[in-house]
Structure formats: C-alpha cells, structure tokens
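Subject: Structure handover and findings

Dear colleague,

Here is the structure I promised to pass on to you. Please look it over first, and then read the notes below it.

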Amino acid sequence: MSIFHRPPPSSSALKWLGLVTAVWVQSISGNNYTFSNYSAALKSLMNLSQLQLNNLSVAKDLGKAFGLLAGIASDRLSTSLLLLIGSIEGLIGYGAQWLVVSQKINPLPYWQMCIFLCMGGNSTTWMNTGVLVTCLRNFRRNRGTVSGILKGYIALSTAIFTDICSALFSDNPSSFLALLSLVPFAVCLTAILFLREIPCSADNETEDSRYFWILNAVSVIVAVTLLAFDSIPNPTSSISRIFSIVLLIFLASPLAIPLHSFLKNRGRSGEIAEALLADESVAEGVVEGQPVIGEDHTIVEAMKTVEFWILFGSFLCGVGTGLAVMNNMGQIGLALGYDDVSIFISLMSIWGFFGRILSGSVSEHFIRKDGMPRPLWNAASQVLMALGYILLAIAMPGSLYIGSIIVGICYGVRLAITVPMASEVFGLKNYGMIYNVLILNLPLGSFLFSGLLAGILYDMEATRRKGGGNSCVGGHCYRLVFVVMACSCVIGFAMDLFLASRTKRLYSKMRVLIKS
C-alpha cells in the first residue's frame with residue numbers, strides 16, 4: 001500500500017476506538033497479580049505447605065513462558081484471533097480453579113491444578129500481545145504514553161477485580177474466581193469487534209495530545225475512586241453498589257474520544273500520512289547483516305546484542321522481586337499480623353498504576369525535550385525499590401503499607417518503561433516475539449524469588465501444623481528474603497546505568513526526529 005494513500009475520515013476515530021477497547025482489555029487482564037486473593041483458600045482446601053503454594057504461583061507465572069507462542073502468532077494471526085484464544089484459555093483455566101474453590105468438585109491433583117493455573121497465566125499473554133503490538137503500531141510517535149496508559153490499567157485491574165468482589169461478594173474467593181473466568185471472556189469478545197491495526201493513519205499531534213490528556217485524567221479518576229472505596233472501613237451494601245456503578249461509568253467514559261474524533265473529521269476528505277513517510281525514511285539505508293540499535297531486529301538478531309541481555313537482566317531484578325512480593329502478600333500480611341491483606345494488594349495495584357502512567361508520559365516528555373534515555377528511569381526505580389525492601393525487612397509498624405506503595409510504584413515504572421524501550425531499541429517489526437521473550441522474566445523471576453527464595457526461607461522459619469501445612473508469625477519470617485531482593489535491585493541499578501550509556505545516542509537521534 002502506498003504511503004501516500006489517503007485514509008478515510010473515520011481512520012482516526014477507529015484508531016482511538018481501538019485504544020479505548022484495548023484499555024478495557026487491560027483493565028481485566030491483570031489477573032496474574034491477584035493470586036493472593038484466593039491463595040489462602042487453595043492452601044487450606046489442598047493442605048499445602050508454603051513451598052507447595054508458592055510453586056502453584058510459579059506454575060501460574062510459568063504460563064508467561066508459553067507467551068512465546070503468542071509472540072510467534074502475533075505476526076501471523078489477527079488481533080481478533082489472539083484475543084479469542086486468550087479469552088477461551090482464561091475461561092478454562094480460572095473456571096477450573098473456581099470449581100475447586102467453590103467446592104463444586106473435590107480438590108484436583110496437585111499437577112492438574114498446576115496446569116490450570118498455567119493456562120490462566122498464559123491467557124493474558126495472548127491478550128497483552130495483541131493489545132500492545134496493535135496499539136504501539138497505531139501510535140508510533142507516542143509509544144511511551146500509550147504503554148503507560150495500557151500498563152497502568154493492568155495495574156488497576158487487580159484493584160478493580162478486588163474492590164468489585166469486595167463490594168458485591170464480601171471478598172468471597174469463589175466469587176472472585178468466577179469474575180476472573182467470565183469477565184475477561186466477555187470483554188475480549190467486545191474488543192474483537194473494534195481493535196485492529198489501522199494502516200496509514202496520519203498523526204495530528206495537537207489532537208492526539210489532547211486525547212491522551214483526557215485518557216490520563218480518566219485513568220487517574222478511576223484510581224482515585226478505587227482508593228476512596230478502599231479508605232472506607234466497612235462500606236454498606238448501598239455504598240458498594242453505588243461504587244460499582246460509578247466505576248463502570250468511568251471505565252466507559254473514554255468512548256467519548258473516538259466519538260468526538262469521528263464527528264470532527266467526518267467532513268474532511270483525508271490527509272496524506274506524513275508521519276508514515278517519516279517512518280519509511282528511517283528504514284531506508286538499512287544494509288544486510290546485523291542491524292544497529294534502533295533498527296528492526298529479529299529475535300535472533302536482538303539476542304546477539306549486549307543491550308538485549310542487559311535489558312533482560314535488569315528487568316529480572318525489578319519485576320522478579322516485585323512479583324515475589326505480590327505472590328506472597330497473603331502470607332507476608334499474616335506473618336505481620338494482618339488477617340485481611342486485600343488493602344495491601346489494592347495499594348500495590350493502584351500505586352503501580354501511578355508508577356506506570358506517570359513514567360510513560362514523563363519519560364516521553366524528556367525524550368522530546370532532552371533526549372533522556374529511558375533506562376535512567378528504570379535505574380531510579382531500582383534504587384527506590386531497594387529502599388522499599390529494606391523498610392519491609394525492618395518490619396516496623398505500618399511498614400507494610402509504605403512498602404506496598406513503594407514496590408507497587410517501582411514495579412509499575414519498570415513495566416511501563418521497558419515496553420516502549422524494547423520497541424525503540426529493537427524495532428516494531430518483530431516486537432511481538434521480542435516482548436514475549438523479555439517477559440519470560442515473569443516466570444523466571446517468580447521461580448527464583450518466589451518459588452525458591454521466598455518459599456524455602458519461609459519454610460525454614462515456619463513451624464509445622466497438625467494435619468499438614470505450616471505457618472510463621474513475626475517480622476523474621478521474610479526478613480532475609482527482603483534483604484536478598486534489595487541486593488538484587490542494586491545489581492539491576494548498575495545494569496540500567498550501563499544500558500543508558502549504550503542507548504544515549506539512540507535517544508538523542510529520536511529527539512531530533514521527533515522535533516523535525
């Protein structure tokens with residue numbers, strides 16, 4: 001198709017409608033981070049030790065490893081098929097867990113539960129790959145902002161599920177799993193109708209900037225609404241219903257953006273896609289052989305670079321440790337004397353959202369202004385995260401509240417920064433595969449920091465219970481775990497500084513291209 005193709009007036013509206021439905025998908029695809037909401041029920045019903053329970057969470061995160069299939073398929077299948085596969089797989093994976101927790105059936109053998117948790121974890125890789133690849137290609141000049149918004153709503157999805165379940169079902173783990181199985185299925189079926197790659201869509205910088213500000217504002221309102229509900233000690237049933245209705249209205253409100261875009265542009269005959277001309281010209285002059293940083297790489301070519309492995313290692317130090325806290329929050333809270341840990345899960349989710357949405361937009365601003373490398377933001381988050389782990393290790397009164405907020409923010413920054421960075425360093429052509437190789441850090445980090453480190457060290461401190469299982473109460477239960485994870489963040493900090501120095505020239509060139 002020629003780059004001088006005149007897009008129909010509705011192309012801008014379709015692009016934004018796709019982004020809105022992508023936001024909805026991300027709002028329900030953070031179910032991988034909700035394990036703590038029903039892990040205690042699984043541990044009790046199946047008489048599991050902490051190590052066995054942690055290995056169930058590893059099985060869930062291992063589903064991310066099979067995201068390589070989604071990465072391969074992303075260049076061969078449509079976005080609609082990716083979403084359909086993910087939604088069906090999630091329906092089966094979480095549906096089986098619901099049958100067990102609701103006691104509709106007897107507890108399944110341990111290995112079967114591992115398979116169903118793995119399916120639930122893998123389902124989100126199909127959704128996320130379809131959404132990210134499509135939206136980053138539709139908004140090539142605003143990758144950081146788009147990544148921050150989409151990853152931000154994934155963070156909010158944990159709080160959305162947790163708070164709606166708390167509001168309507170009084171934190172019933174069975175009802176929570178029913179939501180995890182049915183709601184993503186229904187939302188993905190809706191997104192299938194509207195989310196697709198829009199070719200030759202010219203960017204209107206002023207209009208896009210205005211719409212992004214609106215999307216950011218709505219997402220902040222959603223986050224504040226969730227925080228407000230969490231601050232109510234014992235909400236009545238009426239308040240809970242009102243909260244649920246208001247939340248759904250806010251989530252639907254971004255539909256005004258594509259509607260406004262359609263009404264504004266329907267009288268126009270179309271525009272020449274100048275932005276795509278710029279993108280095409282960047283690709284010119286690429287010679288055969290190993291591409292340089294900033295050009296399109298295959299996954300094999302990317303893995304031959306130092307930058308890829310530095311990014312992979314620093315990503316592991318950040319998301320691996322953060323995921324271990326999320327997976328073990330139920331037991332961390334119990335060890336520190338909190339019977340209900342839903343507030344800490346929501347805090348990590350909501351503040352993770354602020355970390356994602358702010359880092360995406362702010363890093364984009366400083367690239368345009370000063371050519372500031374994105375890895376510097378990751379480096380800053382590693383330092384702050386290490387301080388958060390030290391605070392959790394000290395286990396002072398209230399430290400779990402502050403630690404949850406710090407870890408949530410830094411985990412969010414890491415995800416929102418790494419997603420666009422990978423596309424900038426290695427190109428968008430094979431981004432689906434490269435992205436899914438990078439997020440192998442989720443199952444790897446879960447195995448290393450949650451399955452091995454946290455599981456083994458907790459069991460060393462815990463006492464056996466009659467009838468099976470074990471328990472531990474006190475700040476000592478996870479102290480050594482947090483110290484080791486703080487050291488890992490220091491290593492990640494050094495890696496990020498090195499990566500920033502390696503990509504400094506790339507981001508300087510990007511600043512010039514954006515301003516030209």
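For helix packing, axes are lines fitted to C-alpha atoms, for helices over the stretch in contact, and angles run from 0 to 180 degrees between N-to-C directions; helices themselves are DSSP runs (H or I, at least four residues) numbered from the N terminus. This is a predicted model, in which local features need pLDDT of at least 70 and side-chain atom pairs count only at pLDDT 80 or more, while totals for chains, interfaces and linings use all residues. Residues are numbered from 1 along each chain as its sequence is written, and side-chain values use heavy atoms, with hydrogens and water left out.

**Helix packing.** Helix H3 (residues 50-62) packs with helix H19 (residues 441-461) at an angle of about 175 degrees, their axes being 9 Å apart, which makes H3 roughly antiparallel to H19 (the word applies to angles over 145 degrees). In their contact (heavy atoms within 4.5 Å), the residues of H3 include Gln50, Leu51 and Asp61, and those of H19 include Leu442, Phe447 and Asp459. The residues of this contact divide into nine nonpolar, eight polar and two charged, where Ala, Val, Leu, Ile, Met, Phe, Trp, Tyr, Cys and Pro count as nonpolar, Asp, Glu, Lys and Arg as charged, and the others, Gly among them, as polar.

**Cavities.** The structure holds six cavities of 30 Å³ or more, a cavity being a set of points on a 1 Å grid over the protein atoms alone where a 1.4 Å probe fits but cannot get out, and a volume being the space filled by probe spheres set on the points, which are joined across faces, edges and corners. H17 (399-426) is among the helices that supply at least two lining residues, and H17 gives the most, with four. The lining divides into eleven nonpolar, five polar and three charged residues.

**Backbone.** Asparagine 47, in the loop between helix H2 (36-46) and H3, has a phi near 50 degrees, a positive value in a residue other than glycine. Glutamine 103 likewise has a positive phi, near 60 degrees, and is placed in the loop between helix H5 (79-101) and helix H6 (110-138).

With best wishes

Terms used: 1 Å grid on protein atoms, 1.4 Å probe; cavity = no way out; pocket = protein on both sides within 12 Å on 5 of 7 lines; lining within 4 Å. Parallel < 35°, antiparallel > 145°, perpendicular 65-115°, else oblique.
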